[in-house]
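Subject: Structure handover

Hello,

Here is the structure I promised to pass on. Please open it alongside this note; my findings follow below.

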Amino acid sequence: MNYVEALKALRSLGPELRIGKTGAPRKFSLDHIRAVLGPLGDPQQKFASVLIAGTNGKGSTAATLAAIAAAAGIRTGLYTSPHLVRVNERMKVSASGHGARLEDIADEDFGRLYGRVDEVANELVERGALPHLPSFFERLTALAFCWFAEQRVELAVLEVGLGGRLDATNSVEPMVSVITDIGMDHMEYLGETLGKIASEKAGILRENGVLVTLSQHPEANAAIGEAAVRLNVRGVDAARCLPPMRQAAVKSEHGLARNKYELAIDGELIRVDSPLAGQHQQRNLALAIAAAIELRSNHGFPISNDAIELGVRETDWPGRLEWVAARGEHAPLLVDVAHNPAAAWALRAALAQLSEEMPRTLIFSCLADKPIAELAQILLPLFDASSGDAARARDHVVLAPIQNARAATLEQLLEAAHKLDVLAQGAANLAEALKLAWTITPKDGVIVATGSLFLVGELRELVQGEAR
């Protein structure tokens, strides 16, 4: 199978959580992914792994830890989801001799390995060894593991997809487990309380294993703690890798504080200088650094402080408070993938650092299964020209649907704004929304685009195409 055929096959799959395009809800089991991995040679057993679960920050943590490992000269694999533009982005391997840089899987390898996974899956279903064909995510997880094994990866940093206990990535035996901040998201699948969601995330823990985490909401702490005690897990508190409170924020050219500070670890200084903006990223950085130190101290990986500094500095994780370059006559565009209330609050805190006098335009959209009203309530009033706040008189809100089958409609988005009495304009699609934002936002202002990873991916592609 070639790359184009593989993409076509992926597009033909039904919803991730259902069997077929209109079938019954899918019942996930690690037995299913293991049944596929067995005939593929159990590639997940051929590399050490760090498994990262959580609601927010797990991708940032994974990207930072992988960059640190790559900077240390360790043959490193990184598996994340979802992707912004191309599916290849989900799986990367460190580029030999290129510091912290990781490279996407090549189209040729993707097509070849997808064909292999698909062939095995069909054979298993035909002889009754598998109840149904694997999902989109299960297929890509198996593909990534095969590629990592082929590439002789020494350490794979794996971001959990949904939950943890039954996620396909949990088919590995992690050397270290990391749990990032947990919030209320995917409740229909993971549970209606923070404790239930945290219990699902804690499913990545192993008996006598290692957990790197930070204290968070008491309900989440309790659920994670119960699982850790039951499994005799050794806990690593990443709090010592948080920045000292006395250190002042370093402003970037656009006004957002840059995460640049020093940490005293084991009597030595580590100079943190991360391209990932926002105070919330300090927790993710702490988790990545603590995991790197754990790998060095107790698992034999040669990760120096210099490698930690280089990896943090060269981490590539787009779409997170990212300034996207456009033509010089336009206002700068700040994109962020915030798609749940906790992430929206983090974005709101970051926006508070911008100058009050700066005119702002918000491009907002999200998926229909997200809490539209709550996201709108957190973000839209910050851009309300009708609020009576003189500083916001030149602000705008532009709403448009995403190109996704699960997207909220323009009518749903406008209704959310109307209920808040926020003045908003609608656009037929994101291309039209971007053109409108460029027209109505002065060059000394800022355009903020958020609400969904799919929105960010689509806008980045539009802007980069315009720049070319």
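Predicted model: local features only at pLDDT ≥ 70, side-chain atom pairs only at ≥ 80, totals over all residues.

Overall build

The chain has 15 helices and 17 strands. Its radius of gyration is 22 Å. The globule rule gives 23 Å for 468 residues, so the chain is as compact as a globular protein of that length. Along the principal axes, the C-alpha atoms fill a box of roughly 65 × 60 × 45 Å.

Buried residues account for 55% of the 468. Take the contacts with a separation of 6 or more: 73% of them link residues 24 or more positions apart. On charge, there are 47 positive and 57 negative ones in the chain. Their mean positions lie 2 Å apart.

Find the open sheet of 6 strands. Its order is E12-E13-E17-E14-E15-E16, and the pairing is mixed. Strand E12 (322–324) and strand E16 (425–426) are the edges, each pairing on one side only. As a reminder, strands of a sheet pair through backbone hydrogen bonds, either parallel or antiparallel.

E12 and strand E13 (residues 333–336) run antiparallel, joined by 3 bridges.

Is Leu321 buried or exposed? Leu321 is buried: its relative accessible area is 4%, and the cut-off for buried is under 20%.

The helix against the sheet

Now go to helix H11 (residues 341–351). Which of its residues are buried? They are Pro341, Ala343, Ala344, Ala346, Leu347, Ala350 and Leu351. The cover over these buried residues of H11 includes strands of the sheet above: E13, strand E14 (360–364) and strand E17 (446–450). Helix H12 (372–379) is also part of that cover.

Backbone points to check

Two other loops deserve a visit. Ser81 and Pro82 are joined by a cis peptide bond, with omega about -15 degrees. Pro82 sits in the loop between strand E2 (76–79) and strand E3 (91–94).

Asn232 is another non-glycine residue with a positive phi, about 55 degrees. Its loop runs between helix H8 (218–230) and strand E8 (234–237). Asn232 is exposed, because its relative accessible area of 52% passes the cut-off of over 50%. Leu321, by comparison, is buried at 4%.

A residue towards the start

Glu16 lies in the loop between helix H1 (3–11) and helix H2 (30–37). It is partly exposed, with a relative accessible area of 27%. How far apart are Glu16 and Leu242? In sequence, 226 residues separate them. In space, the distance is 36 Å, C-alpha to C-alpha.

Send back any questions once you have had a look.

Best wishes

Definitions and conventions:
Residues numbered from 1 in each chain as written. Heavy atoms only, no water. Helix = DSSP H or I, 4+ residues; strand = E, 2+ residues; numbered from the N terminus. Rg over C-alpha atoms; globule rule 2.2 N^0.38 Å. Buried < 20%, exposed > 50% of the residue type's maximum accessible area, 1.4 Å probe, protein only. Contact = heavy atoms within 4.5 Å. Lys, Arg positive; Asp, Glu negative; His and termini not counted. Charge placed at Lys NZ, Arg CZ, Asp CG, Glu CD. Pairing = 2+ DSSP bridges.
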